[in-house]
Amino acid sequence: MSSRYTHVFNPIRIRGVDFKNRISLAPTTPVLSTPDGYATRELVDWFRMFARGGVCTLFLGNCSIDIEESNDQSYQLDLGTDDCIYPLALYADMCKQFGCHASLEINHSGEGVSFEMTGHAGYSSSAYISDDEVLRAARNNREPLPTIEMSKEKIKETVEKFGKAAQRMKRAGMDIVMVHGGHGNLISQFTSPMFNKRTDEYGGNTENRARFAIEVCQSIRRNCGENFVIEYRCSGDEEAPESMHIGETIELAGYLKGHVDILHVSAGLHGDPFGPHLYMRNWCQNYLMEHCFNVRYARAIKEAHPDLLVSTVGSIMSIDYAENIISNGWADFVSMCRPLMADPEMPNKYAENRPEDRRPCLRCLSCSKHLMVPKPTYCAVNPMSAMTTELRSGVIPKAAVKKKVAVIGGGPGGIQAMETLMDRGHDVTLYEKSGRLGGNAIGAAAAPFKIDMQAYLAWLRHTAAQCSKKGARILLNTEASKEVLNLESYDALVISVGADPIIPKNIPGIGKPHVFWAPDAEDDTAKIGNKVVVIGGGGVGYEAALHCSDLGKEVILIEMLEEPAARMALFSSAGNIASELQKIFAERKIPVRYSTALAEVKDCCIVAKDMQSGKLSELPCDTVILATGMKERWELVDKLRHCAPESNVHIIGDCRKLGTIAEAVNQALQACLHI
């Protein structure tokens, strides 16, 4: 029986090249190339999970047309010489095994290249000092350098480098290229009025500013011939003041459409020229933002140019969304990156009409933060993404000996452990002392704006139900005491009991009935009054305060640290979402008092202490929400760790070391592969 997703799985042929469906992997960088810029077998293995999963095209992101001149990322692929062809052929040939197209996003970063990487200032359309360069210079204790305005000879040379890079792709066995013309890279430094201040034929009006992009595409066509597909990536709207907005992008699309086959519409800029991550958020959305965030731009371009094939990207979290987008004529292709990292098998699952099996992406940005380290990219919720060389087939191997195994704790790590152990063929019992599966994900999913976490929590419970059908024993409302475990004589244990909240001691009134731990209050909003004080300025505290604000409560947040240190601590706990939270707080005028500690809880107020002056003041409230951190549960772990042969006891997640879902889930798979 065929899929009911008829638009997504409707094939299309472009220039004689057959695309089996309309889903592509948006450009991503797994940080698995060699240090000098060549593809590796590990990189090929990593991309295999997507090819096997059913997409039509894979795009490896940010590949340099000349690494000597444009090197803005560690382990960036270099397409500047013929030496790249052989390793790229391994990538192309792997994709062909699955009827999938291998491709690259080819790029020159222009001003985004630092002096420290190349030994010279970056090239660009015009000479200017960017805000990014000011930050780079400050980090490296030097004066900012203006970009080098490209001469016409340099333009001609660079245009040809794009063409030759695409030609090397074709020689390696590829039949589609993505030209990176968005996000503030070199091509968009020509097309955007924010960067381009030229007065010759490459500057001025939109048509002139499109000239460099058109010449790049013409060079690719000359070098690769007619049976080669050109996909061009642009920012539908760059979002920053003085930059290119959607009206002008529609005009640009008109000039480009005779030279490109597909227009891939993203948004935003890489850099942070007007505040931390204020515009980067538009091409790498966080979990506080709406789904299908950039579809509006693709839709506007498609409506203006119905004869142009358009691809859309940006928080398109499932193929249900993709089907809706394509069926409505808003775009012809849908690109996904993080949702496919979370579940590379998503296309296959939907083609087989089992969408309920999709593992949702959290948009937690765990994957993208690895680029900054740098270290190989992997997913928070898909632990197989970190094991693609060890498990090339994507199949969990059966254990040589079937064992009786207990999993203690029904959170993300525990459920992942149960699933892996069942796949290995073991006899599994999961103990959960509460009446609900999900662990700390329950509190994390409580706020209505946590839509991705809510989907993940539902998937965890669906997965647990599937394990139960296969024979796993799930015991709710059952504490795994030492006595119970010893009675069962388990061969192995996986201890995933999470962490305990830190409740400040020796504070008068801390035990009053209107004082709550943040996840408990969010899970049961009836506990929350109308005037709330949140204690603690980490990610949990900010989210709790935001939830209270959404409920119409009057809320104030207090934090012991001084403002600079508090902002650093928030970034440490919430990552790039910290900037989004601070932005929302500023827009809503939610007060944050730094250098302020909780001194006492009274019935109708708290007593706050100024950490600098020691002065005490009262803040009226009827609810106190604590977000004061967590601590590992070593005392409980130590009670349980001798209830099976000690070499077969595995401790994972927060009970071992405070972390995120990413650590718990990835540790669970890796531990259970050795039981």
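Tutor: Two strands pair if DSSP finds at least two bridges between them, and the strands (E, at least two residues) and helices (H or I, at least four) are DSSP runs numbered from the N terminus. This is a predicted model, where local features need pLDDT of at least 70 and side-chain atom pairs count only at pLDDT 80 or more, while totals for chains, interfaces and linings use all residues. Residues are numbered from 1 along each chain as its sequence is written, and side-chain values use heavy atoms, leaving out hydrogens and water.

Let's begin with strands E19 and E20. Strand E19 covers residues 531–535 and strand E20 covers 554–558; the two run parallel and are joined by 5 bridges. One place to look is valine 532, whose bridge partner in E20 is valine 555. Both strands belong to an open sheet of 5 strands, ordered E18-E25-E19-E20-E21, with parallel pairing. At the edges sit strand E18 (515–517) and strand E21 (592–593), each pairing on one side only. Helix H20 (residues 539–550) packs on this sheet, touching E19, E20, E21 and strand E25 (623–626); contact here means heavy atoms within 4.5 Å. The direction of H20 makes about 170 degrees with that of E20, where axes are lines fitted to C-alpha atoms, for helices over the stretch in contact, and angles run from 0 to 180 degrees between N-to-C directions.

For an antiparallel counterpart, turn to strand E22 (residues 596–601) and strand E23 (residues 605–610), which are also joined by 5 bridges. They form a hairpin with 3 residues between them, and alanine 597 has lysine 609 as its bridge partner in E23.

Now for the rings. The structure holds 12 aromatic pairs; rings of Phe, Tyr and Trp (its six-membered ring) pair if their centres lie within 6.5 Å, with planes under 30 degrees apart counted as stacked, over 60 as edge-to-face and the rest as tilted. Tryptophan 46 and phenylalanine 47 have ring centres 5.2 Å apart and planes at 85 degrees, so they make an edge-to-face pair.

Because phenylalanine 190 lies in helix H6 (residues 186–191) and phenylalanine 212 in helix H8 (residues 211–224), the pair ties together parts that are 22 residues apart in sequence. Phenylalanine 190 is buried, at 0% relative accessible area, and phenylalanine 212 is buried at 0% too.

Let's finish with serine 243, in the loop between strand E9 (229–235) and helix H9 (246–256). Serine 243 is buried, with a relative accessible area of 5%. A polar atom of its side chain lies 2.4 Å from the backbone oxygen of alanine 240. Leaving aside residues up to four places away in sequence, serine 243 touches Ser192, Pro193, Met194 and Glu238.

Terms used: Buried < 20%, exposed > 50% of the residue type's maximum accessible area, 1.4 Å probe, protein only. Polar contact = N/O pair within 3.5 Å; in protein donor to acceptor, adjacent residues only side chain to side chain.
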